[in-house]
Amino acid sequence: SAMAARCRLAARFHHIHGANIRLDASHTQATRVESFANGLCFSQEPLAPGQIFLVEIEEKELGWCGHLRVGLTARDPQSLEVVPEYSLPDLVNMGDTWVFAITRNHNRVVVEGEEVQARGRAWEPFLLIERVRIPRDTLVGRSRPGRYSHILDDLYKMNVLPATARRSRIGVLYAPQPDGTADMHIVINGEDMGPSARGLPTTRPLYAVIDVFASTKSVRVIPVDYGFPSLQTLCRLVIQKHIVHRLAIDVLDLPLLLKSFCQHE
């Protein structure tokens, strides 16, 4: 319950941000208003161990190369005299910052002799990272059903969207290790990409870094409740497991709000 309360409080962007970023009144939506750079954002508060900072890609912009960049920094945004133009390489070169560009293929850091775990089944209700249990349903981005939904049905059943797609959800957290350091994990649509960086300090506050870069135009922070899945969520998982494709939900004898929730919310 303490983690849930902290996550709801911290699910906002810091008032310190790049020159081309506009925040909405709630500080939960960040939009780059011009150019392709100066889109750096930070979490309002430092993250707690195992606390995920999750954003959804709301809007894309054609004509630019590159996508969202995500990571952590031990630098207090308030201490920055000038917010760097780029997270990569500018902010990273300042030190104590770990940022990765999100692409369609994201590679994890593997220690010699370590086996890469296979993907869990998409309908499993929790994502397990170290000792952290996160309700998977909130972490998963979903495309809206449409004329060509049948093409995406197999992907939809596995709760998969391309990492850089609109409505994709990307999160970052750190997991403390026995040696006193931490591993940074990036989560893409409910799948843990594994340690993206190792040896992060746990003695200093770590802020999430979200760089609304290039073809990513706007993102929104998604609050994550740590706890048991709701009855509504469990119903959705059961329904999705048994339907042929999303458009089939329309003919089910269900309340309209539940149909919409099952299809794309």
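Strand β5 (residues 69-73) pairs with β6 in the antiparallel sense, over five bridges; strands here are DSSP runs of E, at least two residues long, numbered from the N terminus, and two strands pair if DSSP finds at least two bridges between them. This is a predicted model, so local features need pLDDT of at least 70 and side-chain atom pairs count only at pLDDT 80 or more, while totals for chains, interfaces and linings use all residues. Residues are numbered from 1 along each chain as its sequence is written, and side-chain values use heavy atoms, with hydrogens and water left out.

**The four-strand sheet**

- β5 and β6 belong to an open sheet of four strands, ordered β3-β12-β5-β6, with antiparallel pairing.
- The edges are β3 (40-42) and β6 (97-101); each has a single partner strand, so one side of each has no neighbour in the sheet.
- From one strand to the next, the twist averages 20° (axes are lines fitted to C-alpha atoms, and angles run from 0 to 180 degrees between N-to-C directions).
- If you want a spot to look at, V70 has F100 in β6 as its bridge partner.

**The seven-strand sheet**

- Another open sheet has seven strands in the order β1-β2-β13-β4-β9-β10-β11, and its pairing is antiparallel.
- Here β1 and β11 are the edge strands, each with a single partner, so one side of each is left without a neighbour in the sheet.
- The twist in this sheet averages 25° from one strand to the next.
- β1 and β2 pair in the antiparallel sense over three bridges, and L23 has A30 in β2 as its bridge partner.
- As background, strands of a sheet pair through backbone hydrogen bonds, either parallel or antiparallel.

**Nonpolar cores**

- The largest nonpolar core has 33 residues, and F13, F53, V55 and I210 touch the most other members. A core here is a set of buried Ala, Val, Leu, Ile, Met, Phe, Trp, Tyr and Cys residues joined through side-chain atoms within 4.5 Å.
- Elements giving two or more residues to this core include β1 (21-23), β4 (53-60), β5, β9 (169-176) and β12 (207-211).
- β10 gives the most to this core, with four residues.
- Beyond residues up to four places away in sequence, V55 touches F13, L68, S168, R169, I170, I210, V219, R220, V221 and I222 (contact means heavy atoms within 4.5 Å).

**Two polar side chains**

- Q29 lies in strand β2 (residues 29-32), and its side chain makes a polar contact of 2.6 Å with that of E58. A polar contact is a pair of N or O atoms within 3.5 Å; within protein, one must be able to donate a hydrogen and the other to accept it, and residues adjacent in sequence count only if both atoms are side-chain atoms.
- Setting aside neighbours within four places in sequence, the contacts of Q29 include F13, R22, L23, D24 and E58.
- H185 lies in strand β10 and counts as buried at 4% relative accessibility (buried is under 20% relative accessible area, exposed over 50%, partly exposed in between, with a 1.4 Å probe and protein chains only).
- The side chains of H185 and D192 make a polar contact at 3.0 Å.

**Cysteines**

- A search of the whole structure finds zero disulfides (pairs of cysteine sulfur atoms within 2.5 Å).
- C41 is buried, at 1% relative accessibility, whereas C65 is exposed, at 75%.
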